[in-house]
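Please look over the structure shown here before reading the notes on its sheets, its interface and some local features.

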2 protein chains.
Amino acid sequence: MSQLTVALDMMGGDHGPSVTVPAAAQALSLLPELNLALFGPESELSPWLSRFHLQSHPRVRIHFCTQQVGNEHKPAYALRHLVDSSMRKALDTLAEGRAQACVSAGNTGALMAMAVKVLNTVPGVERPALITRLPRAGGGYTLLLDVGANVSCDAHQLVQFALMGEQASRHVLAVTRPRIALLNVGAEANKGNEAVRQASRTLQALGQMNYVGYVEGDDLFSDKADVIVCDGFVGNVALKTSEGVARLLLGLGRRRGLGWKMLTFWLKKRLSHLNPDQYNGASLVGLRASVVKSHGSAGSPAFLNAILQAVAEIEHDLPASIAHRFDTAPQDSHAR
Amino acid sequence: MSQLTVALDMMGGDHGPSVTVPAAAQALSLLPELNLALFGPESELSPWLSRFHLQSHPRVRIHFCTQQVGNEHKPAYALRHLVDSSMRKALDTLAEGRAQACVSAGNTGALMAMAVKVLNTVPGVERPALITRLPRAGGGYTLLLDVGANVSCDAHQLVQFALMGEQASRHVLAVTRPRIALLNVGAEANKGNEAVRQASRTLQALGQMNYVGYVEGDDLFSDKADVIVCDGFVGNVALKTSEGVARLLLGLGRRRGLGWKMLTFWLKKRLSHLNPDQYNGASLVGLRASVVKSHGSAGSPAFLNAILQAVAEIEHDLPASIAHRFDTAPQDSHAR
């Protein structure tokens, strides 16, 4: 296979192959240089592969496995007992260098644990973080991390997330001098918990970083920062809350009259940049290879977006740029 | 003055008397039984009182003071040095029994610290929480607490918030058997941080409570629970995020063509229940009297809503019902 290969965990998420196979087929037809390695149990995967003519596709390699990771599985259990799962096998392929990125819609905790074990973190990085991009009102994207990989974080981890987010903004979104902010409950210096305040003092002391201070929840979709840093509990709730509100507003027409239907159709087209389905795909950053986590509830267009995001990360080699940042500024990355 | 008196901190917030005075005037004309006690520095307050004919209104008592609490003031400083501030004087009046509720748009941390000192908590309640109501897609409201009074909470505090939220849902919103949920990063039992998981175990053990488990950020505006409990950092970020998204969507028409303007006008009317200005006003619960915290950025209609909320809490005597709950179930309220 060529250089551009993405490994796909075809199971996981709420819909499995009924969503992942059509998305894979569409990605192949959109990107002629893309190769895919597909992982899943034969009985569930094969009927869908046949239907979409992927069983003998020249740019597809199929790997059948016997297990899959469920949402109910604890990370430690998945790590020990689900070694022939589609998630694990996809990550193994990445570690063996036979793919450059992996996409899964499965259990976030298990994906994080397996990815750390199989791929390892970039030297100097304590914990990977889940990063996602939020569409701004005026166009462009703000990066938010962590959105769920670490449910509690100390100041040191928040500082590391800031460094990783800075690299992602620079190298994937081509922002020259990204503005870095911490998510807090107020803009004043005395607001927030100890971890956030300590991280703020450390970031202020990092001369070469464009640290702009605190932002609040209503700034997530504004243009105040290019990278917003928080712990994984707060980031996950903020992300899902915004998706909930957007879906609520965009979905209002569903069971009402024709006027509503026409209105929301029109609105949906114009607000598509705010539709969660359009910006699906968070990445685990800080690992030695790219791992993209799709929403569990993602439909095919959203899973396709996650695949395209994986391709973008391969092209920009985000892991290497993060490794470079942590290699050249060890005193920053270890600042407490 | 009669039984129904609300004390208003006319300063604080982004706009001060230019917002609070018109709101006060409107509240007086809407509710013929309402009395108001107004607090603020003479130089700033008087011109506005004259303009709205409140200087010799029969149901208004004016208290001039010399200080005001700013957003930059730390709670400890405000507590010690701003004893002649409009915020403090309004709370003093409440403690003296000359008003039954207080409304302020000022510094949340200072309001919390002063309220605890001046009013004290209900016996058994460790820390008050800031509670707000969120409009649901299908109508009705979900209560969310804490939205910013306590930036970090242990399991015991989360359980106490659940008990207080249950009383608020029952007595202010007349929900017979409120469904209580914890806000988390996933629905499965193994998700979340230690405080949330421990609180969940304790709530499950409370036989008489209708505890329904975990909900996620995108459930805030759904019909899964009547009361959603979280720490103040998470709740504040979730609330402000949802307001940010709603404002973004509702405000899109501002600088575009006529079609957009007509559309958003139509949309705004129909989505008014989702407009943050329509549901402004969070309450500090767990105190011996009602304290309503208006948004700092509230306009007059939003500040008016906060006053109406204070009136509703007086009518339902929420502090007494929380005191009753903590008095009759001490083993629950102290469960760890």
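## Basis of the report

This is a predicted model, in which local features need pLDDT of at least 70, side-chain atom pairs count only at pLDDT 80 or more, and totals for chains, interfaces and linings use all residues. Residues are numbered from 1 along each chain as its sequence is written, chains are lettered from A and ligands numbered from 1 in the order in which they are written, and side-chain values use heavy atoms, with hydrogens and water left out.

## The sheet of chain A

Chain A has an open sheet of 11 strands in the order E3-E2-E1-E4-E11-E10-E5-E6-E9-E7-E8, with mixed pairing. Its edge strands are E3 (60–64) and E8 (211–215), each of which pairs on one side only. From one strand to the next, the twist averages 25 degrees. Helices (H or I, at least four residues) and strands (E, at least two) are DSSP runs numbered from the N terminus, and two strands pair if DSSP finds at least two bridges between them. Axes are lines fitted to C-alpha atoms, for helices over the stretch in contact, and angles run from 0 to 180 degrees between N-to-C directions.

Within this sheet, strand E5 (residues 129–135) of chain A pairs with strand E10 (residues 282–285) of chain A in the antiparallel sense, over 3 bridges. A:Ile131 has A:Ser283 as its bridge partner in E10(A). Helix H2 (residues 42–51) of chain A packs on the sheet and touches strand E2 (35–40) and E3 of chain A, with a direction at about 155 degrees to that of E3(A). Helix H7 (residues 194–205) of chain A also packs on the sheet, touching strand E7 (180–183) and E8 of chain A, and its direction makes about 165 degrees with that of E8(A). Contact here means heavy atoms within 4.5 Å.

## The sheet of chain B

In chain B, 11 strands form an open sheet with mixed pairing, in the order E3-E2-E1-E4-E11-E10-E5-E6-E9-E7-E8. Strand E3 (60–64) and strand E8 (211–215) of chain B stand at the edges with a single partner strand each, so one side of each has no neighbour in the sheet. On average, and with direction ignored, neighbouring strands of this sheet are turned by 25 degrees against each other.

Strand E7 (residues 180–183) and strand E9 (residues 227–229) of chain B run parallel and are joined by 3 bridges. B:Ile180 is opposite B:Val227 in E9(B). Helix H6 (residues 155–171) of chain B lies across strand E5 (129–135), strand E6 (141–145), E7, E9 and strand E10 (282–285) of chain B, at about 160 degrees to E9(B).

## Where the chains meet

How much area do chain B and chain A bury between them? The figure is about 4,000 Å², with 77% of it on carbon and sulfur atoms; buried area is the accessible area (1.4 Å probe) that two parts lose on being put together, summed over both. In this interface, 42 residues of chain B are in contact with 42 residues of chain A.

The count between chain B and chain A is 2 salt bridges, a salt bridge being a side-chain nitrogen of Lys or Arg within 4 Å of a carboxyl oxygen of Asp or Glu. A salt bridge joins the side chains of A:Lys240 and B:Glu216 (2.2 Å, N to O). On the side of chain B that touches chain A, helix H8 (232–250) and helix H9 (258–270) of chain B each supply at least two residues. H8(B) gives the most to that side, with 14 residues.

## Local features

Over all chains, the structure holds 26 salt bridges. A:Asp92 forms a salt bridge with A:Arg88, with the closest N and O atoms 3.2 Å apart. Both residues, A:Asp92 and A:Arg88, lie in helix H4 (residues 86–95) of chain A, 4 residues apart, about one turn of the helix.

A cis peptide bond joins A:Leu145 and A:Asp146, with omega about 5 degrees. A:Asp146 is in the loop between strand E6 (141–145) and helix H6 (155–171) of chain A. In chain B, a cis peptide bond joins B:Leu145 and B:Asp146, with omega about 0 degrees. A:Ala174 is not a glycine, yet has a positive phi of about 60 degrees; A:Ala174 lies in the loop between H6 and E7 of chain A.
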